[in-house]
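Open the model in your viewer and keep the selection tool ready. We will go stop by stop.

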Amino acid sequence: MARQSGNAPVIVVCGGDPYLNGEMAREQCDEALARRPDAEFVELDAAATGRYAFDEAVSPSLLADVSVVRVDNLQSADDGLADAIADYCRQSADDPTGSSVVICRHEGGQKGKRALDGILRAGACKVEVPDLKKPEAKLNYVVQRFERQGRRVDPIAAQRLVDVLGGDVGELTAMCGQLCFDFDDDPIGLDRVDQYLTANAQVTGFNVADAAMAGDAADAIVKMRAAVEQGVEPVALIGALASKLRDVAKVAAFNAGTIGASELGMPPWRRRYVRLGGWTTPGMAACIRMLAWADEECKTNGGDPMYALERCIGSIATKGRS
C-alpha cells in the first residue's frame, strides 16, 4: 500500500478493502502521533460532524497546541465540513510540521466524490488502498504479510488461507500473524495451516476432496463421515469436490489452448498441483453429473446425502470410471 504521506497536514486514505482502509488510517495516525508525541488525539465521524466541531478539533486546546484528528466516513461529509477540511489544508501548507494532522477515511466510489476532489485540490495527500478483489491479489497479500514478519509461507498453504478466509481480510490477516507467532517453521506449510483451520467446514471439505482426487476413496469416505458427524453440511463437501473438479477441467482446457491465462485465473505454481493423469472427457462429465445429482439429493426432502456423497467420492477416486 502506497503511503508517501510525509508531513502532509491532511491525508486522505481512499477506497480499497474496508479492513485495509481502516488499518492504513490507524498506521497514519500512529505515525503522526509519533512525530507529535504531545498532540491530542481526536476522532470524528463525518456523518455527524460539522464545520465548527472540526475547527475546534484542529485548534489549540487546554491539553495540547496541536492534535491528530481522524475523520471517518468522509464520503458522508456535508459541504460545510468538506470546505472546512479543504480550508485547513490550504492554511496549514505554510507550516505543515507545526500544524495539527488530519487523517480522513473515504470508502471510495462516487459517494462524496465532490468533497474528496475539493480536499485533494486543496493539497491533501491521497493514500490509495488495494481492494484485494481478485484471488491473486489476496494470495500476494498473504505472502506479503508473512514477509513483513521475516517469514515465508508455502504457496499451497497461502492458497488454503485465501480459499478459507479470503472473504474476511481482517480474519485472514490475524491468522497470518498467529501462525508466525505460534510456529517457528520457515516456510509455514499446509499442515500448520490446516492444524489451525480444522474446525472450518471448507478445510474439512478440501481434505475430503484431496483424498478423493488422489484416488483414496476409503480415506475420503472416512473423512467425509467424520465431517458430517461434526456438523459439516453435506452440501459444503459437495462444493469442495466440485471445486477440485473445476480446477482439473480448467487446467486441461488451458493446456489444450481452449482458454487463456486470464480465463484460467490460476498462478503457475497452483497449476502444477493439479494432476490430470488418468482423466478423460467422459470421466469428467460423469463426475460432474454425479455431483449435480448429489447436490439435488442434499437439497430435496427424502434424498440420501450420505449415499450420494459416497457415490461421488467413489466416482472421483476412479476418475469417472465407476
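This tour visits a pocket, some salt bridges and one arginine in a predicted model.

**Stop 1: the largest pocket**

Start with the largest pocket, which holds about 660 Å³ of space. Select D210, K244, D247, Y273 and V274. Of the 26 lining residues, these are the closest to the pocket's centre. Now colour the helices around them. The elements that give two or more residues to the lining are α6 (155-165), α9 (201-213), α11 (234-255) and α13 (268-273). Which element gives the largest share of the lining? It is α11, with 6 residues. Colour the lining by residue type next.

**Stop 2: D87 and its partners**

Side chains of opposite charge can pair when their charged atoms come close. The whole structure holds 18 salt bridges. Select D87 and R51. Their side chains form a salt bridge, 2.6 Å from N to O. D87 sits in helix α3 (residues 79-91) and R51 in helix α2 (residues 51-58), so this pair ties together parts 36 residues apart in sequence. D87 is partly exposed, at 22% relative accessible area. R51 is partly exposed too, at 35%.

R90 is partly exposed, with a relative accessible area of 47%.

**Stop 3: D194 and R160**

Move to D194 and R160. They form a salt bridge, with the closest N and O atoms 2.7 Å apart. D194 lies in helix α8 (residues 190-197) and R160 in helix α6, so the pair links parts that are 34 residues apart in sequence. Are these two residues buried or exposed? Both D194 and R160 are buried.

Salt bridges that share partners join R51, D55, D87 and R90 into one network.

**Stop 4: R36**

Finish at R36, in the loop between α1 (18-35) and β2 (40-45). R36 is buried, yet it has no salt bridge. How far away is the nearest side chain of opposite charge? That side chain is D95, and it is 7.3 Å away. A salt bridge needs the nitrogen and the carboxyl oxygen within 4 Å. Now show what does touch R36. Leaving aside neighbours within four places in sequence, R36 is in contact with V66, P96, T97, G98, S99 and V101.

Definitions and conventions
Residues numbered from 1 in each chain as written. Predicted model: local features only at pLDDT ≥ 70, side-chain atom pairs only at ≥ 80, totals over all residues. Heavy atoms only, no water. Helix = DSSP H or I, 4+ residues; strand = E, 2+ residues; numbered from the N terminus. Buried < 20%, exposed > 50% of the residue type's maximum accessible area, 1.4 Å probe, protein only. Lys, Arg positive; Asp, Glu negative; His and termini not counted. Contact = heavy atoms within 4.5 Å. 1 Å grid on protein atoms, 1.4 Å probe; cavity = no way out; pocket = protein on both sides within 12 Å on 5 of 7 lines; lining within 4 Å. Points joined across faces, edges and corners; volume = space filled by probe spheres on them.
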